[in-house]
Amino acid sequence: MSNQTHQAPPILLTIAGFDPSCGAGVAADLKTFAAHNCYGVAAVTALTVQSTQGVISVHATPGAQLRAQLDALADDIAIAAVKIGMLSTRANASVVTEFLDKQKFQHVVLDPVFRPTAGNAELLDISGLKFVRDELLKRVSVITPNIPEAEFLTGMEVKDLNAMKAAAQKLVEMGARAVVVTGGHLEKPTDVLCDAAGGEVETFGGDHVKSANTHGSGCTFSSAIAAQLACGLPLREAVILAKAYVTKAIEKSYSIGKGAGPLNQLFRFHQEQPARGVHEVPQHGMHPAAEPAAH
Ligand code: PLP
């Protein structure tokens, strides 16, 4: 075994569902963490059956198994930030709440997903969603609802930018430390940030990227915020950079099936195919191609 050691980058935990098409859920989160030079670990709340055409069914992880995953990871690894996505059931939302109370993480980003863009399956049952509103919301650093999620959590109708601002403020009054209401589906995609610490509401406009490949945008945005917080950025900067990152990942996306494709979270790693006959040779000289020919 080599005794060479490297310092680990920030390690993030995602608590979310598994999407076999790898566009959303833990797969999207882990790609996003990697793209930010972070290491990701994952506790899986549910196995979904889905393709790019939508979610077909959901098979929740039993609460005891989720708790065992979380405890095993937290006992072993120093976690710099947590991202919470699909929880599936109230039982799992409750396990996660107890876990946060025990561990007292510095950065926790909650994406309160309950319905997929495509397909009829629920990503969180209604009693779970009420539990998120009444209990989990107060325990995280920032919550990132889209417009339908903000409507459910606040009971308000959210149809325009002013209503997004009012909903963000209401969520802060309900106990959230900070809120980003995402307006990705608006003609001019605008996000609204309300931080209880400053009390100010800020809006961040963006360019609309014309693409059908937006599956997993919410997961990617919240994971990118978590990664930036883990790397030491203040929330406002983390939100600005996460929005720019998601926009670029949509711009660079490609279709992989018949439905909405994933974002390209790893666009920064894209390399042109080497020309034929040209191989990458490792610098340490151990690759056979780098060895002097034996005579
Ligand atoms: N599947 C899983 C496991 C998810 O976590 C999510 C969103 O959070 C979805 C599907 C739905 O993603 P989208 O609505 O972006 O298609």
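A disulfide here is a pair of cysteine sulfur atoms within 2.5 Å. Keep in mind that this is a predicted model.

Q: How many disulfides does that rule give?
A: Take cysteine 22 as a test case: its closest cysteine sulfur is in cysteine 219, and that is too far for a bond, at 12 Å. Apply the rule and the count of disulfides comes to zero.

Q: Is cysteine 22 buried, exposed or partly exposed?
A: Buried means under 20% relative accessible area and exposed means over 50%. Cysteine 22 has 27% relative accessibility, so the label is partly exposed.

Q: And cysteine 194, is that one buried or exposed?
A: The cut-off for buried is under 20% relative accessible area. Cysteine 194 comes in at 2%, so call it buried.

Q: How do helices H5 and H6 sit relative to each other: roughly parallel, roughly perpendicular or oblique?
A: H5 covers residues 147-154 and H6 covers residues 161-173, and their axes lie 10 Å apart at an angle of about 50°. Roughly parallel needs an angle under 35 degrees, and roughly perpendicular runs from 65 to 115. H5 and H6 are therefore oblique.

Q: Which way does H5 cross H6, left-handed or right-handed?
A: On the H5 side, the contact uses Ile147, Ala150, Leu153 and Thr154, and these meet Met164, Ala167, Lys170 and Leu171 in H6. Sorted by class, that contact has six nonpolar, one polar and one charged residues. As for the hand of the H5 and H6 crossing, it's left-handed.

Q: What about H3 and H4, roughly parallel or oblique?
A: H3 (residues 90-103) and H4 (residues 126-134) pack with axes 7 Å apart, at an angle of about 25°. Angles under 35 degrees count as roughly parallel. So H3 and H4 are roughly parallel.

Q: Is threonine 45 buried or exposed?
A: Threonine 45 is part of strand E2, residues 39-51. Beyond its neighbours within four places in sequence, threonine 45 contacts a list of residues including Ile15, Ala60, Leu66, Met86 and Asn92. Its relative accessibility is 0%, so threonine 45 is buried.

Note on methods. Residues are numbered from 1 along each chain as its sequence is written. This is a predicted model: local features need pLDDT of at least 70, side-chain atom pairs count only at pLDDT 80 or more; totals for chains, interfaces and linings use all residues. Side-chain values use heavy atoms; hydrogens and water are left out. Axes are lines fitted to C-alpha atoms, for helices over the stretch in contact, and angles run from 0 to 180 degrees between N-to-C directions. Helices (H or I, at least four residues) and strands (E, at least two) are DSSP runs, numbered from the N terminus. Angles under 35 degrees count as roughly parallel, over 145 as roughly antiparallel, 65 to 115 as roughly perpendicular and the rest as oblique. A crossing is left-handed if the near helix is turned anticlockwise from the far one by less than a right angle, and right-handed if clockwise. Contact means heavy atoms within 4.5 Å. Ala, Val, Leu, Ile, Met, Phe, Trp, Tyr, Cys and Pro count as nonpolar, Asp, Glu, Lys and Arg as charged, and the others, Gly among them, as polar. Buried means under 20% relative accessible area, exposed over 50%, partly exposed in between (1.4 Å probe, protein chains only).
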